[in-house]
Amino acid sequence: MRREPARGLVQHLPVIFPGLMLTIFFIVPFGTMVAVSFFRRQQGGFYVPDFVLANYARFLTPFFGNVLVFSLYLAIAVAVVSLIIAVPFTYLIARSRRVTQVLWLVALLSILSLSEVIIGFAWSTLLSRTAGITNLLVRLGLMEAPQALVPGFGAVLTGMVYQAMPYAVLVLYPSMVRLDPTLTEAARTLGASPLKAFFTVVLPALRTTLVATLIMAFIFALGSYLLPQILGRPSHWTLSVLITDQALYQSNMPFAAAMAVFLVLVSLALVALTMFAGKKLEA
Amino acid sequence: MERALSRLYLALVGIFLAAPIVVVTGVSFNEKQNLAFPPQGFSLHWFAEIFVNPEWFRALIASVLLAVTSAALAVAIALPLAWFLWRRLAPWAQVFQLLGVAPFTLPPVITALGFLTFWATSGFYGQPWTAVIAHAIFFVTLPLVTLTLGFSSIDRSLTEAAATMGADDRTVFRTVVLPLILPYVVSGYAFAFVLSLNEYIVAYMTIGFVRETLPIKVFNALRYGYTPTMAAVSVLFVAVTAAVFGLIARFGDLPKLMGAMSSKD
């Protein structure tokens, strides 16, 4: 059956339902959000149609600036740490037997799909004073008394790396598996140690993927909204937390929408940067 | 030496990944209402609580219903679209492919806020079905990706042979395409189901003030009083999630789904 353009209503029928659903329930809500970002807020939590830039002007306050800088800083830290753990890890599982690979993939997918609420709860328990890891250290005689490690920046970072690392592995996995094993064999034959072969052959061959993974992990971390709340203090709140807070608890939908639009623009710019970097590195 | 080092590294990452789950599992077995680890005493009381306590049970039912229906709707959107893109020459329809992938790539709070403003403006805010549509759109990416991969792995000469023998489009779809694509339908559904079950922010922004799904209930419990039931729910979720992916791995080709082989292989 050759592929040919669809003709008439009947042949177009299959695309009508998905097309309508995606238009009505993705384009329209997205457009509504963009529109609301220009609306004027009314006392009492409602908003009226208008065209004001006041919601965007609030970006210029030091408070917003701090949140933005912290969000970016946290996302970069999470992306870098995740990549440092994920790259050797993915390399090793991509070299292992198929059964081992499948087991690791199941574990990683399970953790990736786990609710942020549950990951946050699990880490807050693990880092708590009563049930936490410090009890183990006390028992081993390495510490005097158990200590609470939450809330704090370290806890937020750990929780978010826990969530982003499996994601980074799954983005890296296809390229790592397809990497030609003769490349490293050649390096080994010429006398390179495994470590040297990894750094001088594997990593340069994958540089496009590495950059892409870093940026994907960055965007992923930028979207985190619960872990900073569960594991951090209000000073660790990110842009996503602020958006939720403004929309639901401060009832300032226009400002929340303006921040969301801004977040979309940052994410899109980064995706474009990924593609651009990919082209540049390949050339 | 080299093998030992790589084993050690894998083991360390394994411990990092398993540690929070081990602790939460331990906590869920506590006899009294505290979150001690190692657990004091042993009791399955907190697991029973999920099914006996009406509040937790209602949240469980709400979560399962939402996941079952929204995953079905996601597949219903993705299947005809993926089939159309594979069957017809229609470059313009790629736009819908892009739209299907977009919500999943953007930070989730965007989709959540989009739906909040949309349902609030259209006056349906708080209706249970609004969350079903929101989750279906949010997770349509997963069946769309697995199905696109599935269609691309079908050998076109098979459908051509069927057509030459006189089968019309409908018969070809039913007798040739559908059996070949079914594993991808199942894994697409399973992915969407698991993620919907675990999703918090979109559900919270659409129906959070009216009813509680399990993740919402756990988060509220985190704020207003800890109970080991939270740990029991977490263990249940980890178990269900791992079981679903285990089944996908058992009956499907997980490395292939994860892109280990290019679609041409």
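Two residues are in contact if their C-beta atoms, placed from the backbone, lie within 7 Å. With that in hand, welcome to a predicted model, in which local features need pLDDT of at least 70, side-chain atom pairs count only at pLDDT 80 or more, and totals for chains, interfaces and linings use all residues. Residues are numbered from 1 along each chain as its sequence is written, while chains are lettered from A and ligands numbered from 1 in the order in which they are written.

**Chain A**

- Chain A holds 13 helices and two strands, which are DSSP runs numbered from the N terminus (helices H or I, at least four residues; strands E, at least two).
- With a radius of gyration of 24 Å, well over the 19 Å that the globule rule gives for 283 residues, chain A is more spread out than a compact globule. That radius is taken over C-alpha atoms, and the rule is 2.2 Å times the number of residues to the power 0.38.
- Along the principal axes, the C-alpha atoms of chain A fill a box of roughly 75 × 70 × 35 Å.
- Of its 283 residues, 43% count as buried (20 or more other C-beta atoms within 10 Å of a residue's own, with C-beta atoms placed from the backbone).
- The unreviewed UniProt entry places "domain: ABC transmembrane type-1" at residues 68-274 of chain A; such annotations may be inferred rather than shown by experiment.
- That stretch, residues 68-274 of chain A, is 79% helix and 0% strand.

**Chain B**

- The domain assignment, automatic or from a database, gives domain 1 (1-43) and domain 2 (47-257) of chain B.
- The contact between them takes eight residues from domain 1 of chain B and nine residues from domain 2 of chain B.
- UniProt's unreviewed entry marks transmembrane regions in chain B, including residues 132-151 and 231-252.
- Residues 132-151 of chain B are 95% helix, with end C-alpha atoms 26 Å apart; for residues 231-252 of chain B, also 95% helix, the ends are 31 Å apart.

**The largest nonpolar core**

- This core has 170 residues, and among the members touching the most others are Ala164(A), Ala74(B) and Leu113(B). A nonpolar core is a set of buried Ala, Val, Leu, Ile, Met, Phe, Trp, Tyr and Cys residues joined through C-beta atoms within 7 Å.
- Helix H3 (residues 54-87) of chain B gives the largest share, 17 residues.
- Both domain 1 (1-43) and domain 2 (47-257) of chain B give residues to this core, so it lies between them.

Technical notes
A residue is buried if 20 or more other C-beta atoms lie within 10 Å of its own, exposed if 12 or fewer, and partly exposed in between; C-beta atoms are placed from the backbone.
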